[in-house]
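Dear colleague,

I am passing on the structure below, together with some notes on its packing. Please read them with the coordinates open beside you.

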Amino acid sequence: MSTSPTLGLLLAGGLARRMGGGDKPLRTIAGRSILAHVIERLAPQCDGLVVNANGDPARFADYGLPVVADSVPDFAGPLAGILAGLDWMAAHRPESEWIVSVAADTPFIPDDLVARLHAAREAQNVPLACAASGGWTHPVIGLWPVRLRADLRHALTVEDERKIDRWTARHGCASAEWPLTPVDPFFNANKPEDLDEAERLFATLPPA
């Protein structure tokens, strides 16, 4: 893992309209919640984890992690969750400089995510990095420095900016690419049928 202390931010604040509402990360795959799979893969790479979610935080109590809600109202999207995570880190982990954000409904997160994102942004000498697979970038899965949180707050609250890639383009964002085999590491469960597909994919993976 990179020597830069990095906090893991699990973005669970979406409205899950395509899943019929509720919390997608709490749906079950291979006998455990999707969130449990994400935590298992990301925790060894990070100096602590935080969940970003709105509403009653008690529904995540079983995981024993801090839960931070958006400070920007009206479900302003992933950027609001990232800002909430950066604000939490500035208040509670002032020694840390970096957050890695991950959608909390991506159960196949790679075990080299944090190290490779740091390597990508260092190689390109830019402050941000995001993941990619199969030629597609995944802006929600990225690396964020706490020093840009004031700029991000301004973009969200004054400019009403909601597009991650439009904001990251201002500062420079590297991309780290992963292969799609044996599974797409950034597969996410958006619809009920995606849960069935995730079950099938888990069955193809070798034992941990």
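In this predicted model, the largest nonpolar core has 40 residues, and those that touch the most other members are Leu-10, Leu-42, Val-100, Leu-113 and Leu-117. Two or more residues come to this core from each of H1, strand E4 (49-52), E6, H3, E7, E8, E9 and helix H6 (192-204), with H1 giving the most, namely five residues. Apart from this core lies another, of 25 residues, which includes Ile-82, Ala-84, Ala-155 and Ile-164.

Leu-117 deserves a separate word: leaving aside neighbours within four places in sequence, Leu-117 is in contact with Val-100, Ala-129, Cys-130, Ala-131, Gly-142, Leu-143, Ala-176 and Trp-178.

Turning to helix H3, this element runs over residues 113-124, twelve in number, and spans 17 Å from the first C-alpha to the last, which is close to the 16 Å expected at 1.5 Å a residue. The buried residues of H3 are Leu-113, Val-114, Leu-117, His-118, Ala-120 and Arg-121, and because they cover an arc of only 160° around the axis, they lie on the same side of H3. In general, an α-helix has 3.6 residues a turn, so residues three or four places apart point the same way.

As for their partners, the buried residues of H3 pack against strands E1 (6-11), E6 (98-103), E7 (128-133), E8 (136-145) and E9 (173-178), and also against helix H1 (34-42). After H3 comes Asn-125, with a positive phi near 55°.

With best wishes

Conventions:
Residues are numbered from 1 along each chain as its sequence is written. This is a predicted model: local features need pLDDT of at least 70, side-chain atom pairs count only at pLDDT 80 or more; totals for chains, interfaces and linings use all residues. Side-chain values use heavy atoms; hydrogens and water are left out. Helices (H or I, at least four residues) and strands (E, at least two) are DSSP runs, numbered from the N terminus. The expected span of a helix is 1.5 Å times one less than its number of residues. Buried means under 20% relative accessible area, exposed over 50%, partly exposed in between (1.4 Å probe, protein chains only). The arc is that of the directions from the helix axis to the C-beta atoms. Contact means heavy atoms within 4.5 Å. A nonpolar core is a set of buried Ala, Val, Leu, Ile, Met, Phe, Trp, Tyr and Cys residues joined through side-chain atoms within 4.5 Å.
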